[in-house]
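Thanks, everyone. I'll be quick.

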Amino acid sequence: MTTSRYTPQELAASLVAAALLLPGVQARADEPPQDGSISLRYLDYADSQPGLDRIRAHSPSVSVTAPVAGDWSIEGTLTADDVSGASPRYHSAISGASHMQDERKAGDFAVTRYFRRGTLTAGAAYSTEHDYVSRALSLNGTLSSEDNNTTWAFGLAGSRDSINPVNHVVVAERKRTVGVLAGVTRVLTPNDIGQLTLTRTNGSGYYNDPYKLFDNRPRSRRENTVLLRWNHYADSTGGTTRLGYRYYSDSFRIRAHTLSGEYVQPLGGGWSVVPELRLYTQSAAYFYYDPVYDATLGAPFPPGYSNGADPNRLSSPDQRLSGFGAVTVGLKVAREIGKLWTVDVKVERYEQRGSWRLFHDGSPGLAPLRARIFQIGLTRRW
Amino acid sequence: MVDTVYRFPFEAMASRCEIRLAAPDGGTAEELARAASAEVRRIERTYSRYRADSIVGRINAAAGRHRVECDEETWALLAYADHLHGASGGLFDITSGVLRRAWDFRNPRVPGPDELAPLLALVDWAAVRREDGAVYLPRAGMEIDFGGFGKEYAADRAAALLQQGGVRHGYVNLGGDMRFIGPQPDGRPWSIGIQDPRKPDGIVASIAVSHGALTTSGDYERCFDIDGKRYCHVLHPRTGMPVSHWRSVSVLAPLAALGGGASTIAMLKEADGLAFLQAGGLAYFAIDGAGRTHHHSISGDQT
C-alpha cells in the first residue's frame, strides 16, 4: 500500500473524496453532497402621497439555509436597509421635508432541532439604527400527533429595545415585550389544511414616536391576535388557494381585521403565477386625534391646547394609529430555470385611505397613502 | 405544490428494498422508480459474485491464471476498494469473502484454526495487481466481491438517477442502507428508525434525515450464538474471526458508498471504530456490546 505515509485522520478524511470519484453517485458533479439554498432578493419600495415622493428604500438581502448533519438546520438572514427620504408628512411634528439619512443593520439567526414528532427552534435577532437598538429572543416548538395530521405549535418571545433619539427628548428609554403563541394546524382533507393561531404580547416602556410633538402614548400595551388560515389544493387546476383572516385588538383600543387571499397557479415549463389580494381595516386608538388643530394656535397643537388642557394627556397624531382601510393587490411570477435556479418577480400596489375603514370611525382628513413595491428574487439550490 | 409521496417496494440484492418519491402523479412516479430499480438490478447483475459471466465472476475465475480487462466503472470500484483498504489499515479487504467458506451462518459451528489458515492465506488485497485497466488475483482460489459497499453504491446511483429526473423529495432504501434525495414535500425530514440489534421488530432510536445517506452495519444480520457469544458475518481479515465490539454502527454520510464502507470499517476497528469515524468527520450512532449507545453529531430521538 502506498497510503501508509498518511495519518489515520488524513486517511479517514480522504474517504469522502475517494467516494466522490465513483461514477454516477451524484446527480451533478458540481453539487456539494448536502443541499441548501441561497437566495438574493432586491426590494425596491417607494411610497407617495399626492405631490410628494416620500420614502424610497433599496434593500438587498441574502439569506442562506444550510443543513448541518442530519437533524439540525441553521437559518439566518442579514439585511441592511438604506433609507433616504423625507420623514412622514402626515401632520408630523417635523414639518416640511427634513431629510433623514439612516442606516439600519439587522441580522437574525435561528437554530432548529428536529425530533421524531416535533421541532424546537431558538432564534435571536438584532437590529440597530443610530437611535434605536432592538434585541429579541424567541423559542418556538411544534408537536405532531402520531398520524401527523395535527400539529400543535407553541412559542415564547421577548424583546428589549433601547431608544436614544437624536433630538434628546428622551435619553436611554427602554421598551420590553414578552409574547406567547399557541396554535394548531390540522390536515382536514388530503387537499385542505386549516390553521388557528393565537398570540398575546404584553409590553411596557416607551411607545412614543420621539420625532412627533404631542405624541404621548400609554407606557404599556397588551396585544391579542387570532389568525385563521385555510389552504386548499384544487385537483382540477393543480392550483393552491391560500385564505387567511386575522383579528387584532389591543389596549390602545385598536381593533383590526385583515382578509387575505392568494392563488398559486403552476403553468407549464417551470412557470407559476400568484395573484394576491389583501383587505385591511382598523379603528383608531382612543388617544389618536384627527388633524384638527387648536383653534388659536393652529398646527401642530391639538384641540384645546391653548385653553390649558393637560399637556401630558395621552395623545398621538400618528397615522398608523388612525382609523383607516387599505387594499393591497399584487402579482408574483416565478420561473424555475434548470434544476438549480428560481427567479421571481413581484409587483405590489398598496393604497390606504381613512374613508375605507369598514367598521369604526376613520380619519377622513388624512391624505391617502399609496405605495408600490417591486421585488425581484433569485434563489439557487446547492 | 403539494406532491404526493409514492412508495415502490421491490426485492433486489437479497434484500427488501423501497423507493419513496414525491411526484405530481402516479405515472411519472412509476416511470422514475422503474428506471431507478432497473439501475439497482443492473449493478446486482454486473457485480454478482454468484454469476460466472459477471465481471466479478470472471475476475475470480481467472485467479492465479491471467489478468482480466475491466471497464471504467469496475475500475473505479476497485480504486475505491483500494482506498478503503488503505484508510482502514488493511482491515477493509474485498478479498476476505473467501472466509465464508469456513463460516456457514445457517449452521452454528466455529471453524478451527486449521480450517481458517489456508483461507487467510488468500485474503490479501495488497497482492492484487491492477495495471493498464486490467486486474489480476495472483493466487488460485482468491476472490473479490463488492459486498462491503456495492449495495450502497447502487443506492447512490439510483438516487442520482431520480434526482436527474427532477425528484426533490424522497429516498432509496436498499435493505436498510439508504440514500436521501430531499426531505418530505412539506419540508420535514424523514424520520428513520435504527433497528434494535437484539429485537428484530424493535427500534432503538430514530434519526431525522433529509439529505445524504444513512447506512448501518450490524452483528445481527447473518449470525449465530454459541454459549451466549455472538458470531456475526463481519469477519476480521487477519484472524478470520467475527468482530464483537459493536452490535451495530450507523453512519450518516454524504454518500451511501462512503457510509457503507465507513460503518464496516468502524465494526472492524472495534474499540477504535468511533475515533475513525470522528476523524473522518462522519456522524454516527453506535450500540456497543453492552447495549450502550454512542453518538456524534447525530442525536437520535431515543425510544
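Predicted model: local features only at pLDDT ≥ 70, side-chain atom pairs only at ≥ 80, totals over all residues.

Chain A, then. Its secondary structure comes to 1 helix and 16 strands. Of its 382 residues, 14% count as buried. Now the contacts between residues at least 6 apart in sequence. In chain A, 56% of those join residues at least 24 apart.

Where does A:Arg253 lie? In the loop between strand E11, 239–250, and strand E12, 255–266, of chain A. A:Arg253 has 14 other C-beta atoms within 10 Å, so it counts as partly exposed.

Over to chain B. Start at B:Met13, in the loop between strand E1, 4–12, and strand E2, 15–23. B:Met13 is another residue other than glycine with a positive phi, here near 50°. Is B:Met13 buried or exposed? Buried, because 20 other C-beta atoms lie within 10 Å, and 20 or more is the cut-off for buried.

Step along to B:Arg16, in strand E2 of chain B. B:Arg16 has 13 C-beta neighbours inside 10 Å, so it counts as partly exposed. Set aside its neighbours within four places in sequence. B:Arg16 is then in contact with B:Pro9, B:Glu11 and B:Gly175. Now look at B:Gly176. It is 160 residues from B:Arg16 along the chain, but their C-alpha atoms are separated by 8.2 Å.

Next, the helices of chain B. Take helix H3, residues 72–87. The buried residues of H3(B) include B:Thr74, B:Leu77 and B:Tyr80. B:Ala81, B:Asp82, B:His83, B:Leu84, B:His85, B:Gly86 and B:Ala87 are also among them. Just after H3(B) comes B:Gly89, with a positive phi of about 65°.

Now the packing. Helix H1, residues 26–47, meets H5 in chain B. Their axes come within 9 Å and cross at roughly 150°. Over 145 degrees counts as roughly antiparallel, so that is what H1(B) is to H5(B). H1(B) passes H5(B) in a right-handed crossing. Which residues of H1(B) make the contact? B:Leu32, B:Ala35, B:Ala36, B:Glu39, B:Val40, B:Ile43 and B:Tyr47. Residues three or four places apart in an α-helix point the same way, because there are 3.6 residues a turn. From H5(B) come B:Gly150, B:Tyr153, B:Ala154, B:Arg157, B:Ala158, B:Leu161 and B:Leu162. That contact divides into 11 nonpolar, 1 polar and 2 charged residues.

H5(B), residues 150–164, also packs with helix H6, residues 256–269. The angle is about 160°, with the axes 7 Å apart. H5(B) and H6(B) are therefore roughly antiparallel to each other. This crossing, too, is right-handed. H5(B) brings B:Lys151, B:Glu152, B:Tyr153, B:Ala155 and B:Asp156. H6(B) brings B:Ala256, B:Ala257, B:Gly259 and B:Gly260. These residues divide into 4 nonpolar, 2 polar and 3 charged.

Technical notes
Residues numbered from 1 in each chain as written. Chains lettered and ligands numbered in written order. Helix = DSSP H or I, 4+ residues; strand = E, 2+ residues; numbered from the N terminus. Expected span 1.5 Å × (residues − 1). Buried ≥ 20, exposed ≤ 12 C-beta atoms within 10 Å, placed from the backbone. Axes fitted to C-alpha atoms, helices over the stretch in contact; angles between N-to-C directions. Parallel < 35°, antiparallel > 145°, perpendicular 65-115°, else oblique. Left-handed = near helix turned anticlockwise from the far one by under 90°. Contact = placed C-beta atoms within 7 Å. Nonpolar A, V, L, I, M, F, W, Y, C, P; charged D, E, K, R; others polar.
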